Amino acid sequence: MPQQRSTAEPEPAQRERAANHGEGPLLVLGAAGTGKTELLARRLASLVARGVEPERVLVIGSTRATARRLRERSEALLEGPFEELWIGSWETLGERLLRERSEAAGLDPFFDVLGPAERLAMLLDRLDQLPLRRHEIRGNPAGLLARLLSRIDALKADRVGPTSLEERARGEESAASEEADREAIRRELEFAEFYTAHDRILAEAGSLDRGDVFLALDCLLAERPDIRRQIAERFEYLMVDELEESTRAQRALLEALAIDNPNHLYALEEQSSYPGFSPEGGTRGGPRTDAPDRPQDPPSHPAPPQSAWYRDLHPEGDVVVLEHRFREPKLRFWKCGNERAQAQAVAREVEHLVAGGVSPEAICVLLADPAHQGGPVAAAMEERGIPFHLSGPTALFQRPEVRDAIAWLRVLADPDDSAAAARALTRPPIELRPGDLARLTTIARRRKLDLVGGCEAALDSPQFQPEARERIQSFLKLYGAASAAMEERRADVFVRRLIERVGLRRQRLFAAQPEVAERLLGLSRLAELATAWARREPHGSTRGFVAYLSAVAEAGVEPAGGEEPPSPGSIRGMAVDAVKGIGFDHVFVLGLEAEHDWSRIGWPARSELVLSRLQRGDGGEARPSRFYEEALAAAEGGEEEHQEELFGPAEGLHATYRTLREKVLEASWRAGRELSEPRLDTAIDVNRAIARYLELLKLAALAQRPGDEPTAEAIDAVNGLLRQVATPEQQAELDASSLDSYLLDSEQERGRRLELIAAREEPSLEAFLPRRGDGRLSLSASDLSLYLTCPLKYKFARVFGIPQEPTINQRFGILIHNVLERFHKEPPENDADGLRQLTNLFETGWRRTGFGSTDDELQFRDRAREALRLYWERERVAEGEPVWLERKFDFKVGEHHVRGRVDRVDRLPDGDYELIDYKTGERKTEADLESDLQLALYRLAAREAWGIEASTGSYYYVLDADKVPAPTKPDDAERVERTVLQVGEGILSQDFEPRPSPTVCGWCDYRLICPAAES
């Protein structure tokens, strides 16, 4: 059992003993923020001071960021010269050690270590060689492959290979009695086969993945004891920070090296408890009253599993427990009305902090899912002109300038990519107006052209004004020049030239915006990706690079080379899991209504930690997470409420009052100190402090003034009263203050925003709204659903009519609808022929619809065959009789026409009717359909258009062979009419504001051109 003498020693003595520890193993155990990383840097300096060469100390950090901080701190503490420091992350140091001994490991000395994005691209190129028959692709191979790669990485980290997986699945095969269990085992066996194919493809390319590095090193050290001894002797001391983040494969290397040299120090974090809350019910970081009397007690917080590993590896090893936490931030709790309100609150607080002298680099915003939650925050920051750097695997592809470049690349590679063409046309440098884009898409649709061909046709159309024609000509000129060069140049050269050619870099250089440097970094990063890809694929085409880029962005994996560091002067936005061990002065943690492993954040804030949750989310009311509730209860604090500012960043007097109040307290504290030690300028500081207090009185008076008195008049009145009490010196300070101009500018800015909102109309789109011949608005059930989901998506799809290539899911759904319609129109004469006829119709439609024999398509085919068999079995005993198929309706609601068609109408034995809509997507329950609109509209249509009452409406989920009725409510007709009028009003007023949602945006066809998808 390791000795834990440290708990009986004072805190400074513990740190001193750890920093000056001599020979043998040592475990440094402490909570986040107790200074473990600093202790490792000080130990390195202590070893060097005792005569140890810096090159003989190996220091490993869990991530690049951790290793970078260790290196920076160590370099600051080391006074003498040194050759090099062996400080790095597990990945960089492991690869370096393996590369030095690649021949002994049986590897190509020039092997590449590929990340997830590079492996994804490699597998996509060989998709037809991969065993994926039992894994649902559903038209998204990139997403499936990304998930499978993530699992392979986790298995390699746990030292589990494909053979072990296969043996385990074979062992479970005989015990499986249910078909679902047997299918799961068959899928697991296929995954083991996929795992083997993945490793074979990498080996054929002379490459490894990151997990292979440690597995290869592990084998090398086990098979070559001489090499193991060389490494152990080369590094006299080894230190590991954040041992809790190490994998089983990485710890196996530590075990091997400890055989020949046990001089290892491991820094390990205790299992985190919630902010302000400990498992014992007390406050974290407080003094331990039992420590002096019970030196052998275990740590005050639960020990992580790695501590047991340490005890097994070093039974006599020493342990130092760090109790004091350096970070004791002020805790605040926010309850925000929605995502927009939360983002605005963060941006407002950040603006105050920066204005008060806080460095932007000392502020961080933490997000559980940066890809989905980062957009609103970035937009709120941009409204206030605050540079914001969002980190994360897909953050690069959310930046507007990068999306502009990708749009050009995509439309050059595929002119049928209408979303890319629309973005290239409407963004700088072309900037085609919305009305002209609508005219362009109309021409393209009527003549069955892509948008590029539509541009050429538009030049001869009298519908376009000279300005629009000139913009279209500019687009075609750039497109023609770039298209000619695309086939002739390497991907890296072409991307750099394209960025310059279309003016993306130039327009950023001359934009007087604070985020210019950040955006230029994004374009440079895109060019670097092209360079790295061209180096890996020297014979690859630019089209191949575009396909790789699209797949990586779609799958959400991090591209090669990791993320670039943020530009100086920007606020950091990052994932919760990435902040561990990093320190900031002010940290905002967003999204605490979701259950997540929030304890991983530790204590990242030195001065202030804000925990924020949403009051309402996409699904309605949102409850706080357990983490948030326990933290709030332990802190015994209250929640600050924040609601959305409808007019953007309108700075409120109350917020300004709070900010100035803090400054007044600071000024009074400084002035008080000087009063106790008078100097010649003490009177100046005292008068300055009093002037700040008088400004605080001014703000309080303005915030509480009655009536609608203009701000300028109110300021003059309050200033007149303050002059009566202020001394000449204090009045001089007040006259020199910028508070009055700040308040007046804020009011003017609010007025400007109101004017912009009032003028935010697009009369040019009036002619493109979907109408019938009588001029009334024409709406369908899908139109209503589309607008309610996202008005901007409705605008792209219905007003602009931007065409989209149908997905395999949509093509399959159309095929099933057609098969069932034809089957019921010509029913079989007897039951014996029913299934055969249904199957023949499907097989004929399958061939004529253009489906092939890929794994993805064959999965749909297998599911359809079984589903149609079950469908027939159910129809044979069904009570209802189909009387109408694909029956259309058209009726009026208010001033609008509502149109559509019902897939099937059955007459029931009691004379009632049932409306049936076929679905080939994910099955929903009756509870999910509680507020269903589509079938409620169909019931109203049956009454208004057909003159029949249909009390029942059901969704037939064909692939699940299940029919689910939608609940019927007395007020359904009123709800439908109200919704139609509401949507109609929104469309006619051209209210097409986006409604971002993680559940919707991830599948949207218009992600590339949607501003809400940018950050």
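Visitor: Which exposed residues does helix 28 carry on the face turned away from its buried side?

Guide: That face of helix 28 carries Pro728, Asp735 and Ala736. Exposed means over 50% relative accessible area, buried under 20%, and partly exposed in between (1.4 Å probe, protein chains only). Keep in mind that this is a predicted model, where local features need pLDDT of at least 70, side-chain atom pairs count only at pLDDT 80 or more, and totals for chains, interfaces and linings use all residues. Residues are numbered from 1 along each chain as its sequence is written, and side-chain values use heavy atoms, leaving out hydrogens and water.

Visitor: And which residues of helix 28 are buried?

Guide: In helix 28, residues 728–736, the buried ones are Gln730, Gln731, Glu733 and Leu734. Looking down the axis, they fall within an arc of 155°, so they line one face of the helix. The arc is taken from the directions from the helix axis to the C-beta atoms.

Visitor: How many helices are there in the protein?

Guide: There are 37 helices, plus 23 strands. These are DSSP runs, numbered from the N terminus: helices are H or I with at least four residues, strands E with at least two.

Visitor: What covers the buried residues of helix 14?

Guide: The cover includes helix 13 (339–355), strand 10 (363–367) and strand 12 (571–575). Among the buried residues of helix 14 are Pro370, Gly374, Val377 and Met381. Just after helix 14, Gly385 takes a positive phi of about 70°.

Visitor: What share of the protein is buried?

Guide: Buried residues make up 51% of its 1015 residues.

How values were computed. Contact = heavy atoms within 4.5 Å.
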